Amino acid sequence: MADGNPAPDAERDAIIAALVPVVDGIAATFGPVCEVVLHDYRRPEQSVVAVTGALTGRSVGGAMSEIGLRMLARGDEAVDELNYLTRTKGGHRLKSSTMVLRDSTGAVFGALCVNVDVTAVQQAQALLAGIGGGGAAETPTTTFGNDIDSVVEAIVDAHQLRRGRTWVQLDRAQRLELFRSLDEHGVFAVRRAIEQLAARLGISRASAYSYLSQARAVTGTRPDPAADSASTGGHA
């Protein structure tokens, strides 16, 4: 999302700096059930530039979540996602909002995220629903972590589990669909992701680049310059 021009980078740096005290202010307003995270998408592997609260265990210098990767994949077409529910691996249910940051040209370069732990509220709702004969909907689990590799691995594993098949059991169309879906989730915006995915699937890096290229050709997605430099190990 960054274009390398120092002028917009200076503007983006100023916006980030102005929002750092806002992070503390929002978290202080809601108390210990709230976590606020400020992301700089120009460095997805270390996107967290400010965080207050401890709901997801992240710290400054940590990686973006799979939600952030999805935003990154959408580029400047990304929009705010407000009041959605997710669940941590520890079982805590979060009500979250992700608000994208744009510079004066409209380019998306980061996000301000607010997470509120509503576990106790949903437990009370489930109790009341049980008494009244209703049921509670399952909340999807989201992977949060300071290590971007663990986030990418969780997304890949979740996609394979949803299909109920291993890589060798997938036909060509299903393999291309897997790469297309992972691309939509922003996996390949992360450094070393293509190598990590190839190892996870038990295929060569060259094969992984080939499947990604074919998947993007089918959807009309513009080629990623890094996909043409498999031998250099650049961004993928």
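Trainee: Which residues of helix H2 are buried?

Mentor: An α-helix has 3.6 residues a turn, so residues three or four places apart point the same way. In this predicted model, helix H2 spans residues 66–74, and its buried residues are Glu 66, Ile 67, Gly 68, Leu 69, Met 71 and Leu 72.

Trainee: What is found at the start of H2, and what just after H2?

Mentor: At the start, Ser 65 places a side-chain oxygen within 3.2 Å of the backbone nitrogen of Ile 67, while just after the helix Gly 75 adopts a positive phi of about 60°.

Trainee: How many bridges join strand S5 to S1, and how many to S4?

Mentor: Strand S1, residues 34–40, runs antiparallel to S5 and is joined to S5 by seven bridges, with Val 37 having Cys 113 as its bridge partner. Strand S4, residues 93–102, also pairs with S5 in the antiparallel sense, over nine bridges, and there Val 100 stands opposite Ala 111. Five residues lie between the strands in the hairpin of S4 and S5, and among them Gly 106 has a positive phi near 90°.

Trainee: Is S5, then, mostly covered or mostly open?

Mentor: Strand S5, residues 108–117, is mostly covered, since nine of its 10 residues are buried. Cys 113 counts as buried because its relative accessibility is 9%, which is under the 20% cut-off.

Trainee: How many disulfides does the structure hold?

Mentor: A disulfide is a covalent bond between the sulfur atoms of two cysteines. The structure holds zero disulfides; Cys 34, at 2% relative accessibility, also counts as buried.

Notes
Residues numbered from 1 in each chain as written. Predicted model: local features only at pLDDT ≥ 70, side-chain atom pairs only at ≥ 80, totals over all residues. Heavy atoms only, no water. Buried < 20%, exposed > 50% of the residue type's maximum accessible area, 1.4 Å probe, protein only. Helix = DSSP H or I, 4+ residues; strand = E, 2+ residues; numbered from the N terminus. Polar contact = N/O pair within 3.5 Å; in protein donor to acceptor, adjacent residues only side chain to side chain. Pairing = 2+ DSSP bridges. Disulfide = S-S within 2.5 Å.
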